[in-house]
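Visitor: I would like to go through this model with you, one question at a time. Could you show it first?

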Amino acid sequence: MSHKSPFFRVIDYTNATRLFDDWDLPTVPAVAGATTGTHSLSGIVQDEESGELIPGASVSIRVVSRLLAEWRADDDARFRVDELPSSVLDLFVAATGYTRRHLRVDPTDTDAQPLVVALRRPAQGERRLRISGVEVAIADEIEVDLGNGNTLNPAEYLSRVRSVVSERTPSLDDLRATWQSRASRRELEEYLSVRQITPELLSVVLGRYDLDGFDLLGHAAFDAPPLSLDARAVAAQAKLVRRYPALPDGFVAAVLDKFRLGGVAEVASSELFSLAPFLSEWGGVLGVTSVLGGAEAVGTFLSTVQSVLFESEVDA
C-alpha cells in the first residue's frame, strides 16, 4: 500500500482480540455470495522483518461477516483451507506477539498462491488501543482511559475488575458456574462490558493472549492460577472421549481445536459444525446432528463441552 496515513492500533472486542494497522486495511470490497465451494487457499506465515517462519499462527476466513473456516499453520508455518467459495474473502492471520493481519483475497486467483503473510510485531514506544470506547495507552506502562475523565494504571484497573467481578460472582466457583452456561456467561459478559471490563482488555493489561475469558477474570478477580487454552483443551479431551465413546475418531479433538483458536465462544453454538473439518468429514450441521443423535443431543453435547472445559483445576 502506498499511502502514508498515521499508524494506529484498534481492538474490536466484539469479534475477540483484533489488532489492526493502517498497512493491512483491505482495499478490495467484500462480495456477498456462497459460503462453500471447490476452491482452496494456501499460504505461509512469517515475520515481516526477519523472515522467520511463524508456526502455529491462527487463520480464519470470513465472507462479509460470516465465519467460514478456522485453521492453524503447521510446524512449517503453512496453511491450506479447502472447500471455499469463488468470492472475495476476508483472511485474518494472528500469532502471539504479533499484530493481527487482515487481507482480502480471491481464492480463484491460483497464480497468487501460496500467499506469503508477513506479520509485524507491535511498534515500540507509545501505542494507543481502543476497546469499545476504552482507550489504552502503552508506553513503558499501560494506562487505561475509561473515557469519563478517569485514567487508571494496571493496578487500579485490576482493582476495579476485582471489585466488579466479585460483586456479581462472589467466588471463583460462582464465576465458574456462571461461565459454564452459555446463557449466564453472556449475561455476565454484558454486565461487565458496560463497566469497561472485557477479556480482550484484560489480556492486554495482563499480557496474556493465550487464555479464555474465565481464566483472565478468575486470575484478576480471585488470584486464581490461569490455565491456557491449550491446557484446558488437553484436560478436557480425555473426559469428553470417555463420555462420548461412540463419536468418530478425531471428532472431539476437532471441537477442542476450535476452543484453542478462540475460546469458549467458538464451541458454544452449532454453527461451528458448518466449518472445516466438520463440513467435509461429518457432513456439516446436518451430518453432525445425525452423528450425535438429534438436535437436542447437539445442544446437550455443546453444553457438556462448555461445562467440562471449566471444571475445577484439580480435576482438570
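Visitor: Which residue of β6 does V93 stand opposite?
Guide: This is a predicted model, in which local features need pLDDT of at least 70 and side-chain atom pairs count only at pLDDT 80 or more, while totals for chains, interfaces and linings use all residues. Residues are numbered from 1 along each chain as its sequence is written, and side-chain values use heavy atoms, with hydrogens and water left out. Strand β5 (residues 89-94) and strand β6 (residues 101-105) pair in the antiparallel sense over 5 bridges, where pairing requires that DSSP finds at least two bridges between two strands, and where strands (E, at least two residues) and helices (H or I, at least four) are DSSP runs numbered from the N terminus. Within this pair, the residue of β6 opposite V93 is R101.

Visitor: In the hairpin of β5 and β6, which residue takes a positive phi?
Guide: The hairpin has 6 residues between its strands. The residue there with a positive phi, near 90°, is G97.

Visitor: How far apart in space are R104 and L91, C-alpha to C-alpha?
Guide: R104 is found in strand β6 and is partly exposed, with a relative accessible area of 27%; here buried means under 20% relative accessible area, exposed over 50%, and partly exposed in between, for a 1.4 Å probe and protein chains only. In sequence R104 and L91 are 13 residues apart, whereas in space their C-alpha distance is 5.9 Å.

Visitor: Is strand β1 largely enclosed by the rest of the structure or open, and why?
Guide: Strand β1 (residues 39-47) has 9 residues, and because 7 of them are buried, the rest of the structure largely encloses it. On β4 (residues 78-84) it has a partner in the antiparallel sense over 5 bridges, and on β7 (residues 115-119) a partner in the parallel sense, also over 5 bridges. The answer for β1 is therefore: largely enclosed.

Visitor: Is A77 buried or exposed?
Guide: Most residues other than glycine have a negative phi. A77, in the loop between β3 and β4, has a positive phi near 65° without being a glycine. With a relative accessible area of 0%, A77 is buried.

Visitor: What is the relative accessible area of E83?
Guide: E83 lies in strand β4 and, although not a glycine, has a positive phi of about 60°. Its surface places E83 among the partly exposed residues, with a relative accessible area of 31%.

Visitor: On which residue is the kink in α6 centred?
Guide: Helix α6 (residues 229-243) has 15 residues and reaches 21 Å from its first C-alpha to its last, close to the 21 Å expected at 1.5 Å a residue, the expected span being 1.5 Å times one less than the number of residues. The kink is about 30°, a bend being the angle between axes fitted to the seven residues ending at a residue and the seven starting there.

Visitor: Which helices do the buried residues of α6 pack against?
Guide: The buried residues of α6 include L229, R232, A233 and L240. Counting as a contact any heavy atoms within 4.5 Å, the buried residues of this helix pack against α5 (213-222), α7 (251-262) and α10 (295-309).

Visitor: How far apart in space are F278 and V255, C-alpha to C-alpha?
Guide: F278 is found in helix α8 (residues 278-282) and is buried, with a relative accessible area of 0%. Leaving aside residues up to four places away in sequence, F278 touches several residues, among them F251, A254, V255 and K258. F278 and V255 are 23 residues apart in sequence, and their C-alpha distance in space is 8.9 Å.
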